[in-house]
Amino acid sequence: MLVEVRVPQLSESVAEATLLAWHKKVGEAVARDENLIDIETDKIVMELPAPADGVLVKVIKADGGSVKSGEVIATIDTEAKATTAGAAPPPVVKPEPASVAPTPAPSAADARQDARLMPSARKIVEEQGLDPTKITGSGRDGRITKGDVLGTAEKSTAPISTGKPASAASLPQAPSAVNVDKLLGGRPEQRVPMSRLRARIAERLVQSQSTSAILTTFNEVNMQPVIDLRKKYQDRFEKEHGVRLGFMSFFVKAAVHALKKYPIVNASVDGSDIVYHGYFDIGIAVSSPRGLVVPVLRDADQLTLAGVEKKIAEFGKQAQDGKLTIEDLTGGTFSISNGGVFGSMLSTPIINPPQSAILGVHATKDRPVAENGQVVIRPMNYLALSYDHRIIDGREAVLALTAMKDVLEDPARLLIDV
């Protein structure tokens with residue numbers, strides 16, 4: 001019996017996806033629920049499991065193809081027998097430049113090593129022509145991460161074109177793997193296509209700035225009370241909850257505290273209507289190998305500090321492993337972006353539509369400040385609240401940011417909600 005392999009249902013906001021790399025060739029046996037191919041959307045990379053046991057007898061869409069929800073991309077024969085070579089050519093063949101030699105079929109050892117490649121790592125390995133058998137994996141069960149691959153790529157001596165830019169298909173597509181010494185050795189150029197995620201980020205940021213009246217207000221916060229609280233309870237907190245007590249949980253709780261006082265900052269615009277949300281789903285900007293993603297803390301007001309820290313840690317690991325789901329990245333009524341982890345002192349974050357505000361958190365540094373007529377040194381953090389001036393007036397924005405500042409400088413206020 002022939003079984004069709006279809007692209008899974010994508011989210012309503014995702015029109016198309018991209019096929020990254022087939023893990024099976026035509027003629028090879030497949031097992032039910034075995035990952036056949038990685039599919040990249042503008043939000044996540046997902047695995048497509050085989051719908052049945054059998055043999056892959058037809059590949060309709062090759063690597064790099066654009067697909068839509070429900071589209072048939074391959075066929076499995078549940079009654080066929082696998083070929084011994086497992087290398088029958090798929091019906092879709094991408095044209096190769098005449099100067100490029102065909103890639104030899106991988107050995108059994110190569111296949112086992114390839115199976116340990118994370119999706120983001122596999123993409124760079126293929127683009128850079130690296131040998132995965134010579135890369136030591138640092139991930140769980142020895143899986144090869146993007147960092148492992150980039151460490152190898154930095155040692156590569158592959159030449160970079162110094163003439164007219166070649167087509168995007170013939171050049172490396174991972175800017176982080178560029179050989180800087182060679183790139184700066186003359187006047188070379190390197191052209192790479194945007195990933196689907198990067199293109200989507202660009203589209204949404206332009207959309208945000210062209211459809212919202214973005215304004216940013218700033219304030220400074222003395223983080224000493226939070227630092228003292230963390231220092232006092234850090235060990236007991238980690239022993240009790242199995243997670244470190246970080247700063248982000250305090251920022252999340254401070255944001256929720258302010259949003260309750262000023263609901264318009266938690267609202268969104270829908271046409272000519274203002275939608276007030278009676279819940280607090282906080283998006284947390286997280287850096288991943290594919291770019292910036294914003295998983296959402298659902299009902300953040302109902303989470304404890306430990307609950308927030310555990311969820312953020314989980315999001316961070318899932319982002320690095322490419323395991324975030326569309327549901328993790330959908331929705332949100334307010335966002336927090338922490339540029340401080342990279343050393344940023346100050347920034348003006350861009351609103352994540354359809355939200356109407358975003359909090360930018362920055363590096364906490366010792367700075368001279370005036371207290372009671374004296375200059376003293378305090379660990380200060382500059383907060384930035386960008387807001388949509390179409391529905392949020394300056395008064396509400398400033399008061400909301402001040403409310404966050406107040407509870408961070410006196411965390412006990414979170415307990416009595418004042």
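Biologist: In β17, which residue is the bridge partner of Ile 336?

Modeller: Leu 359 is that partner in this predicted model. The strands involved are β16 (residues 334-338) and β17 (residues 357-361). They pair in the parallel sense, over 4 bridges.

Biologist: Which strand pairs with β16 over 3 bridges?

Modeller: Strand β12, residues 282-284, again in the parallel sense. There, Gly 283 stands opposite Ser 335 of β16. Keep one general idea in mind. In a regular strand, side chains alternate between the two faces of the sheet.

Biologist: Now helices. How do I read the packing of α7 and α8?

Modeller: Two packed helices are described by an angle and a distance, both taken between their axes. Here α7 (residues 248-261) and α8 (residues 305-321) pack at about 115°, with axes 9 Å apart. Their crossing is right-handed.

Biologist: Which residues make the contact?

Modeller: From α7 come Met 248, Ser 249, Phe 250, Val 252 and Lys 253. From α8 come Leu 305, Val 308, Glu 309 and Ile 312. By class, that gives 6 nonpolar, 1 polar and 2 charged residues.

Biologist: Which members of the largest nonpolar core touch the most others?

Modeller: In soluble globular proteins, nonpolar side chains tend to be buried together. The largest core here has 75 residues; Ile 73, Val 265, Phe 334 and Ile 336 touch the most other members. Helix α7 gives the most to this core, 9 residues. Another core, of 5 residues, lies apart from it and includes Leu 117, Val 125, Leu 130 and Ile 144.

Biologist: What is Val 265 in contact with, leaving aside neighbours within four places in sequence?

Modeller: Leu 259, Thr 333, Phe 334, Ala 357, Ile 392, Glu 396 and Ala 400.

Technical notes
Residues numbered from 1 in each chain as written. Predicted model: local features only at pLDDT ≥ 70, side-chain atom pairs only at ≥ 80, totals over all residues. Heavy atoms only, no water. Pairing = 2+ DSSP bridges. Helix = DSSP H or I, 4+ residues; strand = E, 2+ residues; numbered from the N terminus. Axes fitted to C-alpha atoms, helices over the stretch in contact; angles between N-to-C directions. Left-handed = near helix turned anticlockwise from the far one by under 90°. Contact = heavy atoms within 4.5 Å. Nonpolar A, V, L, I, M, F, W, Y, C, P; charged D, E, K, R; others polar. Core = buried A, V, L, I, M, F, W, Y, C linked by side-chain atoms within 4.5 Å. Buried < 20%, exposed > 50% of the residue type's maximum accessible area, 1.4 Å probe, protein only.
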